[in-house]
Amino acid sequence: PAVEQFGASPPIELLRQLLTQGGCYDRKQLFFKQFVDLSFLAACGPCEGGRNTITPRLVRQFHLIQIPNLSEDCMRKIFMSIMTGFLQPFSAEVRELAKAMVNSSVEIYLRLKEDLRPRPSKAHYTFNLRDLAKVFQGLMMVVPRTCHTASQ
């Protein structure tokens, strides 16, 4: 949500009021509406591509769990183990391609993620690890009886 001139964001402040005071004011009837038995679960991404930061006043109401991004080596190791396991029934020539497929796919993913970052002036798709996994999911649709050599 857009930040107003004083640095607050009305939707964020409404959520904060619900969390801290247990309700909000009805401006027509002029009374406080109490909400009971509410549970809040929130998720957010990094503040880039036109996304604003969340105010510390709201963040302090939550228990924070952060999942760090995978390193390049971790991505290679995960997808390498998946591909080597998948390629076991294939010929030795095809099995040798696993390392090249993994390295090139991870390299392309990392370059796309860095070069095509969303900006406020040019918002577009944000690449994530699911996209890389979909590449390998597509590669694993090949069956051994139709792929005997590396050129196939």
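Exposed means over 50% relative accessible area. The views below come from a predicted model.

**View 1. Leu30 in the loop between S1 and S2.** Leu30 has a relative accessible area of 71%, so this residue is exposed. Its place is the loop that joins S1 to strand S2 (31–34). The backbone deserves a look here. Leu30 is not a glycine, yet its phi is positive, at about 60°.

**View 2. Asp26 in strand S1.** Strand S1 covers residues 23–26, and Asp26 belongs to it. Is Asp26 buried or exposed? The cut-off for buried is under 20% relative accessible area. Asp26 has 15%, so it is buried. Its side chain reaches the backbone nitrogen of Lys28 at 3.0 Å. Leaving aside residues up to four places away in sequence, Asp26 touches Phe31 and Lys33.

**View 3. Asp37 and Ala42 in the loop between S2 and H2.** Asp37 lies in the loop between S2 and H2. Ala42 is found in the loop between S2 and H2 as well. Asp37 has a relative accessible area of 80% and is therefore exposed. For Ala42 the value is 55%, so Ala42 is exposed too. The phi of Asp37 is near 55°, a positive value in a residue other than glycine.

**View 4. Arg16 in helix H1.** Helix H1 runs over residues 10–21 and contains Arg16. Arg16 has 13% relative accessibility, so it counts as buried. Its side chain makes a polar contact with the side chain of Glu13, at 2.8 Å. Which residues does Arg16 touch, not counting those up to four places away in sequence? They are Arg57 and Leu58.

**View 5. Helix H5, one face buried.** H5 spans residues 98–115, which makes 18 residues. From first C-alpha to last, H5 reaches 26 Å, close to the 26 Å expected at 1.5 Å a residue. The buried residues in H5 are Ala98, Val102, Ser105, Val106 and Tyr109. Why do these residues line one face of the helix? Seen down the axis of H5, the buried residues fall within an arc of 95°, so they line one face. On the other side of H5, the exposed residues are Lys99, Ile108, Arg111 and Asp115. What covers the buried residues of H5? The cover includes helix H3 (72–86), helix H4 (92–95) and helix H6 (129–139).

**View 6. The largest pocket.** About 1,700 Å³ of space lies in this pocket. How many residues line the largest pocket? The lining has 46 residues. Ala43, Cys44, Gly45, Pro46 and Gln66 lie nearest the centre of the pocket. H1, helix H2 (56–59) and H5 are the elements that give two or more residues to the lining. Which element gives the largest share of the lining? H5 does, with four residues.

Methods: Residues numbered from 1 in each chain as written. Predicted model: local features only at pLDDT ≥ 70, side-chain atom pairs only at ≥ 80, totals over all residues. Heavy atoms only, no water. Buried < 20%, exposed > 50% of the residue type's maximum accessible area, 1.4 Å probe, protein only. Polar contact = N/O pair within 3.5 Å; in protein donor to acceptor, adjacent residues only side chain to side chain. Contact = heavy atoms within 4.5 Å. Expected span 1.5 Å × (residues − 1). Arc of directions from axis to C-beta. 1 Å grid on protein atoms, 1.4 Å probe; cavity = no way out; pocket = protein on both sides within 12 Å on 5 of 7 lines; lining within 4 Å. Points joined across faces, edges and corners; volume = space filled by probe spheres on them.
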